[in-house]
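Subject: Structure handover

Hello,

Here is the structure for you to look over. My notes follow below it.

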Amino acid sequence: MDKKEKKNKAKRQSAKAGLAPGTPIFIGERKQEKTRIDVIDYDENTLHEFSDTTLEKGADLAQTGTVTWINVNGIHDLGMIESVGKRFNLHSLTLEDLVNTDQRPKAEMFPSYLFIVLKIISYNETTNAADVEHVSLILGENYVISFLENEGDVFDTVRERLRSAKGRIRSMKSDSLAYALMDAVVDQYFLAVERIGDFIENIDDRLLTDPRPDDLQEIHRLKRDILSLRKAVWPLREEVGAIEKSESPLIRQETRVFLRDLYDHTIQVIDMVETFRDLLGGMHDTYLSSISNRMNEIMKVLTIIATIFIPLTFIVGVYGMNFEHMPELKWTWGYYLVWLIMFSVGCGMVVYFKRKKWI
Amino acid sequence: MDKKEKKNKAKRQSAKAGLAPGTPIFIGERKQEKTRIDVIDYDENTLHEFSDTTLEKGADLAQTGTVTWINVNGIHDLGMIESVGKRFNLHSLTLEDLVNTDQRPKAEMFPSYLFIVLKIISYNETTNAADVEHVSLILGENYVISFLENEGDVFDTVRERLRSAKGRIRSMKSDSLAYALMDAVVDQYFLAVERIGDFIENIDDRLLTDPRPDDLQEIHRLKRDILSLRKAVWPLREEVGAIEKSESPLIRQETRVFLRDLYDHTIQVIDMVETFRDLLGGMHDTYLSSISNRMNEIMKVLTIIATIFIPLTFIVGVYGMNFEHMPELKWTWGYYLVWLIMFSVGCGMVVYFKRKKWI
Amino acid sequence: MDKKEKKNKAKRQSAKAGLAPGTPIFIGERKQEKTRIDVIDYDENTLHEFSDTTLEKGADLAQTGTVTWINVNGIHDLGMIESVGKRFNLHSLTLEDLVNTDQRPKAEMFPSYLFIVLKIISYNETTNAADVEHVSLILGENYVISFLENEGDVFDTVRERLRSAKGRIRSMKSDSLAYALMDAVVDQYFLAVERIGDFIENIDDRLLTDPRPDDLQEIHRLKRDILSLRKAVWPLREEVGAIEKSESPLIRQETRVFLRDLYDHTIQVIDMVETFRDLLGGMHDTYLSSISNRMNEIMKVLTIIATIFIPLTFIVGVYGMNFEHMPELKWTWGYYLVWLIMFSVGCGMVVYFKRKKWI
Amino acid sequence: MDKKEKKNKAKRQSAKAGLAPGTPIFIGERKQEKTRIDVIDYDENTLHEFSDTTLEKGADLAQTGTVTWINVNGIHDLGMIESVGKRFNLHSLTLEDLVNTDQRPKAEMFPSYLFIVLKIISYNETTNAADVEHVSLILGENYVISFLENEGDVFDTVRERLRSAKGRIRSMKSDSLAYALMDAVVDQYFLAVERIGDFIENIDDRLLTDPRPDDLQEIHRLKRDILSLRKAVWPLREEVGAIEKSESPLIRQETRVFLRDLYDHTIQVIDMVETFRDLLGGMHDTYLSSISNRMNEIMKVLTIIATIFIPLTFIVGVYGMNFEHMPELKWTWGYYLVWLIMFSVGCGMVVYFKRKKWI
Amino acid sequence: MDKKEKKNKAKRQSAKAGLAPGTPIFIGERKQEKTRIDVIDYDENTLHEFSDTTLEKGADLAQTGTVTWINVNGIHDLGMIESVGKRFNLHSLTLEDLVNTDQRPKAEMFPSYLFIVLKIISYNETTNAADVEHVSLILGENYVISFLENEGDVFDTVRERLRSAKGRIRSMKSDSLAYALMDAVVDQYFLAVERIGDFIENIDDRLLTDPRPDDLQEIHRLKRDILSLRKAVWPLREEVGAIEKSESPLIRQETRVFLRDLYDHTIQVIDMVETFRDLLGGMHDTYLSSISNRMNEIMKVLTIIATIFIPLTFIVGVYGMNFEHMPELKWTWGYYLVWLIMFSVGCGMVVYFKRKKWI
């Protein structure tokens, strides 16, 4: 999450102060103009797709025995959100959390549905930072409703698998669909982790040999991205564990083993994130050591030059004095003697430095 | 909390040494002159407001079946506090905690009432620091008593909602009212967090390019504010969790789901606070790196200037000597030769520095 | 605890090696000459005080139905300790711990009594350090025995309250008396915390503007005091919690709510101690930053002076050379030209530094 | 794990995004050309070995009452993996984890088998870094299937013991075999730990006397190796504990005591790893202190030389001035007086430095 | 533990790779030539001592109703260890752990005996480092077998108390004897802690006033000793707790209260160790601050000398120039004027430094 955005969010979050709890207020950035609803209705044998349809259509299909997936793109239209709430009998707090993009990942069991909040992390190529998107899932008896901040491609693979009837997915109930959607979100994390890994590798390679002030900025940026990832993934772990262990009748036994697998993947992401965090901490130290090494080298050169020439300059200064009675000045070999002395002093210094291993 | 105030508080806290436990002693700063009592009495259909009324009035209304909210502004009048204790049959330790502004947030279940301690964090524009105010709630069968250190506006939104009969609030019992008051307190935290976020952003933007000694002071000030916030919010989390899970008959089932939501908000504040803490820690490091980068640049310039001119100064010193027999001095082109030598030495140095990437 | 003392204690502790466990060995410093026993015997209506009396007297009174408080000042007289053990049927390990001033705070339930170890922290004005004193309580059916290392005033307030029959204390049983004594000890902690708070404030105020090497020593001293406090208070928290939750019939139900209050106070002390610890850690960093800031400023001045004058000194050196053929020396305006050149170089340097924001 | 490799793995891991969960995808490096299956079938009296045989052979033998150990070298042949899955009725998620070389160590109980994931750590002599290999075990009623990334010698000792009928191993069931294989893997860790210990010792010996920039790089490399080891060993601990405490009928009572022993070994490795980690952290600090000590020594020499000669150079400069009226220049002993003064100043400086303990 | 030794141990530990688990392999240093067995057999009335006797003698006595203590000095004779195992029916893993000097402290309950592993820490005066010795105890119905790496004096005090029939010890069963031996080991820790405390005090006293490079080495050595102690004591705490809470019939109720006391002592050692660790961490920081303070002082002197004399040297350089037209050179008071100017510049500098509080 970029800094500016975070501030704005907090601003909007505080704008809720004074409102009755359970009042849905959209506090994110409006990422697209129109809310768009897509519905897929399927069972083992048939599959119907309705693009850009109405909520009514989805709600009617959800009543039938087939599995209905209602995908809502855009959550800034509070009227729409409230009619979803009314049609599917959702708790007012669920509606509030649906549109509160600051809500951290969590799973909440209600008598008739399961409410799941997730975060999609994607790498924004233009701002060069990790983008966080708020996703919610409502898992009911025969339906799943997914809410996205804007039309994205994260669920395309699930859609594709449904269409091609590949895998187990078509023969399964709504809980499997919800699992597939969660799995798609977690798979996205690997992409973000990869990008961060690439950046880390790029910097790390030259950090010891050629540190630049920009690297520090880059390291700080990566630390923030890691922070965003951690905030998305750590609560997810508990969340998936809670769904797996929940006694909700909406989650069938055969789905639980897949949820355990998802739990494993979440831990894998956490492991990578923590490893990168360790590496970044180490890189910060390496950068500082590296900078200080260079500084030390520079100081060493200064010291060597100065300590060799300062005494020599003193010597030549002595024979630049204008005293009338300076016998050395009259010696025929005085000048050459001075050179000899200076040469000896200089060599002595160099030998001393060599012995001290400074050069 | 400002430093001076903390010290004073500790002083007063120690003043309690030797007194019987359960003796209420006001240890805060007397923030206003007179204790003022406001009462709101309502049920689904009616609402009566009594401003600046007596305790008796409130106590009488609390006996009726309607919900009575007694708001006590000012807790330094121990006589008043003790009569509240007598009328509502409060435990002596409750009275002690009511006026002990050092008491950390907690919830305590007594047979006939629930005692809740909270902290309001508000941003003081004049001292530029987070102010902490001690708030207590007594939740009884049909009444809620709230104690504030001084007349503030934190509960105005609840009052407004009660008056306008907006939301669920009017149709609900005293536990919902207590929840609404707690929610109002937590909503305040977002404002404080925002302010801190703003300050962080201001400093962070220029830290890498133009670090100033003041920034360090500012960072330390923000760290202290974060400390205050943490001390208010961390125990709150346990507290709200404990109320939600408590088996007290005063908390009805339908209120618990709202308390869980409040719990979520508390965690959200904690998340933000911890994020800011991480950022501030990082900013401290950035500041130090930044300062040390500038220092290094300065030292580099010194080194380059000194290592170029020290040998040259030695050379000109040599020919400033007054020996009678210095053949070079008589050479026609001696002077120009010296310039040539010096020019070569200087250029050699510059080339060396370029190769070392120092310039 | 002062360093010297700690070492001595460890020495004496190791002196116990090889003795049968349960052999009481006094390992502290003998803080007073004679062991002195004071007894207070009371019930709701009567109170009898016996100053400097015998153990027998106290033991006889303990057999009656009234509450008997036997206060033993001085624990170095092992004969006395052993007769207490015999008369009150104490376990040999209890006797060992009674006189082992290294024993950390703990509560141990024995069938016929409860054994409580505490530490009094007081601020020693002469050594300017926190003093730790070992206190033990034996809570029996109708009696409390308190053991102090030397005659102190920590229990005076309890004595006073008993005499003046103020508060609940007289109408209550031995468990309330034990609670009152523990409460008096915890109240003392606030005084020590205050003192440390004062010192912290004193240093902190001038740390950024005028850091002194002494401050570092002071910060280290305070860190050690905080360490002593932590060692006394952290185990106390568990201890009070354990007594409160224990199923010992010696602790009555009405006392437990007071113990919970004591538990709260302990946490409050811990909170303050941890806050001070954080502040001290921050102050150490501030001190270092501050010192390094000053150093940087000094280096900057050196650099500016040196980089301005080193080139100028070179120039004047050039025209101090004694070559016979140096045409500039004969120019009428040569001298003034050199001044002009030097002035330009100097100004150029200053402008460069200004642009770099070094001055 | 080496940096390059990690990046590649993450790449491949993300390549799984969009596939149905439970689809086995090999994401490691193909370490050998052909998958090779070796089977050992034994009971107390007989032992048959089949090198480079077919899966069918192994599956047939697994049906008999004897213990069958099927060792699969190479996991990149997904067709082979899938036929193993079909023959032994493995869950699709097990197959996915079998070939997912990023899967962290874990144990999973399925109704008919126990699935164990391990990591072999071996020290690669050419890259001078710790290599991580993915190993999986399937423990069934009468068989154990082990999957290795490539043909290694880690299980040679188990094979040898089986052949020579040494130890308890031949008389025992499949769970003992699985234990023996796990034990062989853990024994390998000691070798890796040793290598790291050797490197640490090498560097540590000269770090205080002769620090080199390379040492920092070496320390960082070792830190990464320790990171790899930790990632392999920490989950292993939980894993072995879980198997020991599991109620799976596949694990007999007599095996559990051996598993507890294995658990102890794992903790021993962890202890060593953590000790090395502490040492490495300390070595990093020592390196920095050491470098800074040398720098300080260098700076001290510069300061001493400069502060002695700068005033002397000034003095000789004074008498190099060409004023017409400089009485000292005409004094007969002026020159010698100046030498005397300079000698005194120099000696004064040296005395001052001695007193300050700088030399 | 000294570094060299650690490495050697790891080497030998890895030598076990490939052996059947439960194969006893001695991996320590052979500390003495011959294994020596001493037996003490006693009950309340009689005591028989057999020095340098055979295992058979001890095993026979262990069958009788009296308590038999078999002390085995030296554990490198695997034949002997195996015959002990056979005679007393010990598990093969117990034998392995008996001679595995890397085994960390633990307690393991077997049906017929309790197996306890401890570490003796003693301060080696010659190497100036903490020595670690591996000790095991077998507690059976009527016997205790203790295994030491070499003949030491740690159990002498127990032997003495048995002989002199002092204390409770003679009237008690084998569990009390085992407790007495463990207590003797823990008492040893206080001696090691003391030694470390002495070293810490020695260094700490002069660290702020006179830091030496050796001190850093000493601090690192002490940190390692503390590490050894921690590794011995931390697992011991769990271990003693586990024995105390175990339901083994070998531990009688009256012994448990003594074990709780031992547990307290262990915590006391841990407390001291952790305090010393904190102090050492602080001392490292103090050392660095102290070194950097001295450096700063040195740099300050350099800066002051240089910034005063560099401008003065420039001035005298100016009048050392040989221009023909330099009017000042002809002024009668020119020379004195220059001195005046230089004096003013010098004083100005000094005043500036005073104002900046640099001198």
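Helices and strands here are DSSP runs (helices H or I, at least four residues; strands E, at least two), numbered from the N terminus. This is a predicted model, in which local features need pLDDT of at least 70, side-chain atom pairs count only at pLDDT 80 or more, and totals for chains, interfaces and linings use all residues. Residues are numbered from 1 along each chain as its sequence is written, chains are lettered from A and ligands numbered from 1 in the order in which they are written, and side-chain values use heavy atoms, with hydrogens and water left out.

Backbone first.

Asp52(A) sits in strand 2 of chain A, residues 47-53. Its phi is positive, about 45°, although Asp52(A) is not a glycine. Asp52(A) is partly exposed, because its relative accessibility is 43%. The classes are: buried under 20% relative accessible area, exposed over 50%, partly exposed in between (1.4 Å probe, protein chains only).

Asn89(C) also deserves a look. Phi of Asn89(C) is near 60°, again positive in a residue other than glycine. The residue lies in the loop between helix 3 (78-88) and helix 4 (92-99) of chain C. With a relative accessible area of 61%, Asn89(C) is exposed.

Arg159(A) belongs to helix 5 of chain A, residues 156-163. Is Arg159(A) buried or exposed? Its relative accessible area is 13%, so Arg159(A) counts as buried. Arg159(A) touches Ile40(A), Glu49(A), Trp69(A) and Asn71(A), leaving aside residues up to four places away in sequence. Contact means heavy atoms within 4.5 Å.

Trp331(A), Leu337(A), Leu340(A) and Ile341(A) make a nonpolar surface patch of about 400 Å². Patches are made of residues with over 30% relative accessible area and no salt bridge; like charges are joined within 9 Å, and nonpolar side chains (Val, Leu, Ile, Met, Phe, Trp, Tyr) within 5 Å. Accessible areas come from the Shrake-Rupley method with a 1.4 Å probe, and for residues only the protein chains shown count as cover. At 42% relative accessibility, Ile341(A) is partly exposed.

Now the symmetry.

Two copies of a chain are related by a rotation about an axis and a shift along it. What rotation superposes chain E on chain D? It is 72°, with 0.0 Å of shift along the axis and an RMSD of 0.1 Å. That is the relation of a five-fold axis. Copies are superposed by least squares on the C-alpha atoms of residues with pLDDT of at least 70 in both. Gly320(E) comes closest to the axis of the residues of chain E, at 4.5 Å (C-alpha). The copies use different surfaces: 12% of the contact residues of chain E recur in chain D.

Chain B goes onto chain A by a turn of 72° and a shift of 0.0 Å along the axis, with an RMSD of 0.1 Å. In chain B, the residue closest to the axis is Gly320(B), at 4.5 Å (C-alpha). Here too the copies use different surfaces, and 13% of the contact residues of chain B recur in chain A.

Then the interfaces.

Chain E gives 68 residues to the contact and chain D gives 60. They bury about 5,700 Å² between them, 62% of it on carbon and sulfur atoms. Pro21(E), Ile298(E) and Tyr335(E) supply 12% of the area that chain E buries against chain D, more than any other three residues. Buried area is the accessible area (1.4 Å probe) that two parts lose on being put together, summed over both.

Between chain E and chain D there are 5 salt bridges. A salt bridge is a side-chain nitrogen of Lys or Arg within 4 Å of a carboxyl oxygen of Asp or Glu. Glu108(E) forms one with Arg260(D), the closest N and O atoms being 3.2 Å apart.

About 5,700 Å² is buried between chain B and chain A, 62% of it on carbon and sulfur atoms. Phe314(B), Asn322(B) and Phe323(B) supply 12% of the area that chain B buries against chain A, more than any other three residues. The rule finds 5 salt bridges across this interface. Lys106(A) and Asp264(B) meet in a salt bridge at 2.4 Å, N to O.

Some chains stay apart. Chain A and chain C do not touch, and their nearest C-alpha atoms are 9 Å apart. No contact joins chain B and chain D either; their closest C-alpha atoms lie 9 Å apart.

Best wishes
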